[in-house]
Amino acid sequence: MSIVTVQLGQCGNQIGFEVFDALLSDSHSSQGLCSKRENEAYQASCKERFFSEEENGVPIARAVLIDMEPKVINQTLSKAAQSGQWKYGQHACFCQKQGSGNNWAYGYSVHGPRHEESIMNLIRKEVEKCDSFSGFFIIMSMAGGTGSGIGAFVTQNLQDQYSNSLKMNQIIWPYGTGEVIVQNYNSILTLSHLYRSSDALLIHENDAVHKICAKLMNIKQISFSDINQVLAHQLGSVFQPTYSAESSFHYRRNPLGIDWHVRPPLSGLPPLGKMSLNKDLHFNTSIANLVILRGKDVQSADVEGFKDPALYTSWLKPVNAFNVWKTRRAFSKYEKSAVLVSNSQFLVKPLDMIVGKAWNMFASKAYIHQYTKFGIEEEDFLDSFTSLEQVVASYCNL
């Protein structure tokens with residue numbers, strides 16, 4: 001089954017390129033542990049998910065590129081074409097001459113509605129190319145203007161028009177030290193809107209990835225390209241094919257086969273309230289964990305620790321909350337690898353911090369006029385605060 005990727009803004013387009021490049025490089029790498037038949041099946045499954053083919057055999061990414069300025073999109077198209085291994089579709093891009101100036105409201109309320117028809121038509125055409133369509137993978141920043149504002153607008157439209165298809169957003173959590181003065185406003189507006197329209201959020205923290213580059217990879221002068229390549233390898237190792245539960249020789253066709261719609265029971269939960277926000281989290285309780293094992297020794301890897309009931313909320317049994325996917329085909333250059341996708345309390349404190357910083361600015365009316373002049377009213381901010389405080393409280397009470 002195929003995924004259509006929507007790349008939004010500078011962040012989304014640069015990461016999107018690295019993801020597709022990592023996916024194709026991995027699928028073409030030779031793997032001694034696997035038979036020729038297994039390698040061919042793996043390659044075919046990867047291409048079905050992420051690429052379509054032209055007559056000359058060059059894979060074309062199943063993607064739509066969106067930005068309000070042409071520079072990054074032109075660079076992205078050029079880099080893909082120069083690789084000689086794959087490229088983007090000739091008519092799969094939308095860009096304009098004016099950006100959003102780090103203003104979420106301008107992206108969401110001006111650029112989004114103004115270009116809605118053109119953008120959604122591009123996405124519809126890409127979906128129609130899929131023989132079997134699984135869902136959308138939307139790559140965007142959380143704190144910028146085009147990526148976050150238009151990203152939230154496009155995700156909302158995808159929910160309206162493709163309600164039965166999965167919408168998964170990969171978002172970049174901004175550096176804690178700050179990138180732009182209004183990043184906390186942009187972040188709460190993005191998160192609250194995605195919470196209503198997206199089925200799943202895959203979140204990467206810039207600070208955490210930066211530490212990987214510095215401490216594990218020993219990179220002295222860390223660039224955005226370094227960070228994006230780490231992100232691409234993490235995402236690639238999640239999305240590349242794994243064996244189905246029924247067979248050790250057939251790859252699962254649904255690449256997003258996680259239950260993203262877990263709901264707590266209506267009774268038996270503690271009341272939600274401010275006391276939850278101040279709760280000191282000494283243990284990271286999870287709703288669900290997925291471990292993906294690739295390469296050598298995957299069958300003998302011990303994952304019993306992930307089945308401990310103490311890891312999970314009391315209203316879910318580990319058998320329903322934990323999954324493990326395996327394939328003896330390694331990812332990229334790694335002999336063996338393990339990836340954890342976790343729906344847990346891990347981001348409660350960072351989220352609470354961003355909400356708190358945004359509230360302090362809002363209480364003093366700082367920069368509010370930059371949003372109200374484009375149609376985002378104070379009530380919209382209050383709705384966002386309420387929604388995210390509810391999220392924080394719910395996760396604290398796991």
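Biologist: How many helices and strands are there in the chain?

Modeller: This is a predicted model, in which local features need pLDDT of at least 70, side-chain atom pairs count only at pLDDT 80 or more, and totals for chains, interfaces and linings use all residues. Residues are numbered from 1 along each chain as its sequence is written, and side-chain values use heavy atoms, with hydrogens and water left out. Helices (H or I, at least four residues) and strands (E, at least two) are DSSP runs, numbered from the N terminus. On that basis the chain has 14 helices and eleven strands.

Biologist: With which residues is Tyr185 in contact, leaving aside its neighbours within four places in sequence?

Modeller: Contact means heavy atoms within 4.5 Å. With those neighbours left aside, the partners of Tyr185 are Ala358, Met361, Phe362, Ala366, Tyr367, Ile368, Tyr371 and Phe381.

Biologist: Are α7 and α12 roughly parallel or oblique to each other?

Modeller: Axes are lines fitted to C-alpha atoms, for helices over the stretch in contact, and angles run from 0 to 180 degrees between N-to-C directions. Helix α7 (residues 183-197) and α12 have axes 8 Å apart and an angle of about 120 degrees. Angles under 35 degrees count as roughly parallel, over 145 as roughly antiparallel, 65 to 115 as roughly perpendicular and the rest as oblique. The pair α7 and α12 is therefore oblique.

Biologist: Which residues of α12 make the contact with α7?

Modeller: From α7, the contact uses Asn184, Tyr185, Ser187, Ile188 and Leu191. From α12, the residues are Leu351, Ile354, Val355, Lys357, Ala358, Met361 and Phe362.

Biologist: Are α6 and α7 roughly parallel or oblique to each other?

Modeller: The axes of α6 and α7 come within 9 Å, crossing at roughly 10 degrees. Ser148, Ala152, Thr155, Gln156 and Gln159 of α6 meet Asn186, Thr190, His193, Leu194 and Ser197 of α7. By the crossing angle, α6 and α7 are therefore roughly parallel.

Biologist: Against which helices do the buried residues of α4 pack?

Modeller: Eight of the eleven residues of helix α4 (residues 104-114) are buried. The buried ones are Trp104, Ala105, Tyr106, Gly107, Tyr108, Val110, His111 and Gly112. They pack against α5 (116-128), α6 (146-161), α7 and α13.

Biologist: What is the relative accessibility of Tyr367?

Modeller: Tyr367 lies in the loop between α12 and α13 (369-372). Phi of Tyr367 is near 60 degrees, a positive value in a residue other than glycine. Tyr367 counts as partly exposed, with a relative accessibility of 32%.

Biologist: What is the relative accessibility of Asn218?

Modeller: Asn218 is in the loop between α8 (206-216) and α9 (224-239). Its phi is positive, near 55 degrees, in a residue other than glycine. Asn218 counts as partly exposed, and its relative accessibility is 49%.

Conventions
Buried means under 20% relative accessible area, exposed over 50%, partly exposed in between (1.4 Å probe, protein chains only).
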